Amino acid sequence: MRNQEPEWQCTFSVNEGVEESANWKERIAWRIREFADKLDGGGRTIKIDCNVTPEVSREDVDTCLEKGFALSQSLLTQLAHQAACEDVMRDAKAELFEQAPQR
């Protein structure tokens, strides 16, 4: 009996802008994305490339991305909360945040 081991591969990349090695089609696509961001006002466009072997369904990939963005939102919310608490502390107890003179 032959012993087979499972093989898989997953590559995941996120880009926020055109890469230097991009071809003309990619450069035009990024120009359109930048234009759309300006029209929307304040948005942030990213491009996600995800290649999984063996193939998984588009629905499964979408579910994973949704969960990843939900986690990102949770982490950003925690950071915002911490920053807000620090701002309050800086106002209430500024002396705690003063730098000691360098010797």
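**View A. Aromatic rings and the Trp 30 face.** The structure contains zero aromatic pairs; a pair would be two rings of Phe, Tyr or Trp (its six-membered ring) with centres within 6.5 Å, counted as stacked if the planes are under 30 degrees apart, edge-to-face if over 60, and tilted otherwise. Arg 33 sits over the face of Trp 30, 4.5 Å from the ring centre. A charge is taken to sit over a ring if NZ of Lys or CZ of Arg is within 6 Å of the ring centre and within 35 degrees of the ring normal. This is a predicted model, in which local features need pLDDT of at least 70 and side-chain atom pairs count only at pLDDT 80 or more, while totals for chains, interfaces and linings use all residues. Residues are numbered from 1 along each chain as its sequence is written, and side-chain values use heavy atoms, with hydrogens and water left out.

**View B. Two domains of the protein chain.** Domain 1 covers 19–50 and domain 2 covers 54–102. These bounds come from an automatic or database domain assignment. Between the C-alpha centres of domain 1 and domain 2 there are 25 Å.

**View C. The Arg 44 to Glu 16 salt bridge.** The structure has five salt bridges, each a side-chain nitrogen of Lys or Arg within 4 Å of a carboxyl oxygen of Asp or Glu. One of them joins the side chains of Arg 44 and Glu 16, at 2.4 Å from N to O. This pair links distant parts of the chain, 28 residues apart: Arg 44 is in the loop between helix 1 (24–40) and strand 2 (47–53), and Glu 16 is in the loop between strand 1 (9–15) and helix 1. Helices (H or I, at least four residues) and strands (E, at least two) are DSSP runs, numbered from the N terminus. Arg 44 is exposed, at 67% relative accessibility, whereas Glu 16 is partly exposed at 49%. Relative accessible area under 20% is called buried, over 50% exposed, and in between partly exposed (1.4 Å probe, protein chains only).

View D. The side chains of Arg 31 and Glu 34 form a salt bridge, with 3.7 Å from N to O. Arg 31 and Glu 34 are separated by about one helical turn because they are three residues apart in helix 1. Arg 31 has a relative accessibility of 60% and counts as exposed; Glu 34 is partly exposed, at 37%.

View E. Glu 86 and Arg 90 make a salt bridge whose closest N and O atoms are 2.8 Å apart. Both residues lie in helix 2 (residues 58–92), four residues apart, or about one turn of the helix. Glu 86 is partly exposed at 37% relative accessibility, and Arg 90 is partly exposed at 39%. Ala 84 also belongs to helix 2 and is partly exposed, at 40%.

**View F. Cysteines without a disulfide.** The whole structure holds zero disulfides, a disulfide being a pair of cysteine sulfur atoms within 2.5 Å. For Cys 50, the closest cysteine sulfur is that of Cys 10, and at 4.7 Å the two are too far apart for a bond. Cys 50 is partly exposed, with 30% relative accessibility. Cys 85 is partly exposed as well, with a relative accessible area of 38%.
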